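Please look over the model below before reading the points.

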Amino acid sequence: MSEDTLPAPAATGGGTAGTIAASAGTVGPATSRTSAPRAPAGRRVTIRDVAEAAAVSRSTASRALTGNGYVAEAVRGRVHDVAQALGYVPDATAQHLRRRVSNSLGLVVSNLANPFYAELAAGAARQARHRGYTMMLIDDGAPTGDPATARALVQMRVAGAILTPVSPDLGAYLREHDIPTVEVDRQFAEGLSDAVVVDNTRGARQVTTRLAELGHRRIALFIDETHWTTGRDRHAGYRQALEEAGIRPDPALVVSSGWDVDVARARAAALLADPDHPTAVFAANNVLAEGVWRASADLGLTIPDDLSLVSFDDAPWMSMVTPGITAVAQDAVAIGSAAVDLLLDRLAAPDAPPRTEVVPALVVRRGSTAAPPEGRPIAR
């Protein structure tokens, strides 16, 4: 008779983990005198403690707790009961080292204070849990990425990583260490890494076209940068809309504003204080939109009577102010979820060609746009 079919032994007075409870499967006269197994004092419970208390080998205890391999149902139940009674928690790191496989995913965001990235992280973490993985979140606010971030992900032996990259360096380092990556929001490794991005060009073109249809001819663009795919494509959509409307682009109306509300506010105030200020502004992200919105209030300009404002990214505050801000909405939660699925697809098929999923953008119209003010010039 093998240990997988044996009943638990009668209680003994010694042993590291204590004795076996009658509910754990003991039989015979000894069952009435048994007590619940006790956790070892002063140290963490190990698989050896569980095995000894359940009267099985370590390999049997491991098979029973992981579900990998055959164990008789009665023995499996006894091991689980003992593990629960002892408060046993598996050592995930040790499991990963033995199997050389991790059930952890890395998620690196460039600014968790930005609602877009917070929602993206929430969507990714939720989907990772649903798919049986844990998520390690790193808020990497370094302008070019922090080398320590890359090393941490390698040291943690993550199975893969989702990145909102600010340079190609992080992704390249991880791929050198055979950690697959999915770029989200923007791309630095087109053709080398999977990615989930929004249709930035189309969304920017749609909101800029709306301003032109209302009669605006001096339409400013507040943008963070034009070298990354996000800024490049949103700038391209803005230019396309102007060209389609027969509006000559004015370089003076393209304002580089970074990612800081106060910087955007100051630069918007300088532009809008000019008597010949633009009659409309397209802000290429929600942070810049907030800066422009605050600057217009500082100057006593009313939206949309004096200035029309549209944004890329639909932050929560945009539906809470009056009037609400027309914006290109990105479903950040869905983007995070899609990134997890794409990463797990990559783990299942490591040699498949890289894929880029383009998520449609949705324009949410609110009350922040109107025709240009009467009496104001609408063309240079």
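The points below go through a predicted model.

1. Helix α1 (residues 47-54) and helix α3 (residues 73-86) have axes that come within 9 Å of each other and cross at roughly 125 degrees. Angles from 65 to 115 degrees would count as roughly perpendicular and those over 145 as roughly antiparallel, and α1 and α3 are therefore oblique to each other. Their crossing is right-handed.

2. On the α1 side, the contact is made by Asp49, Val50, Ala53 and Ala54; on the α3 side, by Arg78, Val79, Val82, Ala83 and Leu86. By class, this contact of α1 with α3 has seven nonpolar residues, two charged residues and no polar ones.

3. Proline 304 sits in the loop between α11 (286-298) and β9 (308-312).

4. A cis peptide bond also joins threonine 322 to proline 323, with omega near -5 degrees. The loop holding proline 323 runs between β9 and β10 (326-329).

5. Arginine 157 is not a glycine, yet has a positive phi, near 55 degrees. This arginine 157 belongs to the loop between α6 (147-155) and β3 (160-163). With a relative accessible area of 39%, arginine 157 is partly exposed.

6. Aspartate 178, also a residue that is not a glycine, has a positive phi of about 60 degrees. Its place is the loop between α7 (169-176) and β4 (181-184). Because exposed means over 50% relative accessible area, aspartate 178 counts as exposed at 70%.

Terms used. Residues are numbered from 1 along each chain as its sequence is written. This is a predicted model: local features need pLDDT of at least 70, side-chain atom pairs count only at pLDDT 80 or more; totals for chains, interfaces and linings use all residues. Side-chain values use heavy atoms; hydrogens and water are left out. Axes are lines fitted to C-alpha atoms, for helices over the stretch in contact, and angles run from 0 to 180 degrees between N-to-C directions. Helices (H or I, at least four residues) and strands (E, at least two) are DSSP runs, numbered from the N terminus. Angles under 35 degrees count as roughly parallel, over 145 as roughly antiparallel, 65 to 115 as roughly perpendicular and the rest as oblique. A crossing is left-handed if the near helix is turned anticlockwise from the far one by less than a right angle, and right-handed if clockwise. Contact means heavy atoms within 4.5 Å. Ala, Val, Leu, Ile, Met, Phe, Trp, Tyr, Cys and Pro count as nonpolar, Asp, Glu, Lys and Arg as charged, and the others, Gly among them, as polar. Buried means under 20% relative accessible area, exposed over 50%, partly exposed in between (1.4 Å probe, protein chains only).
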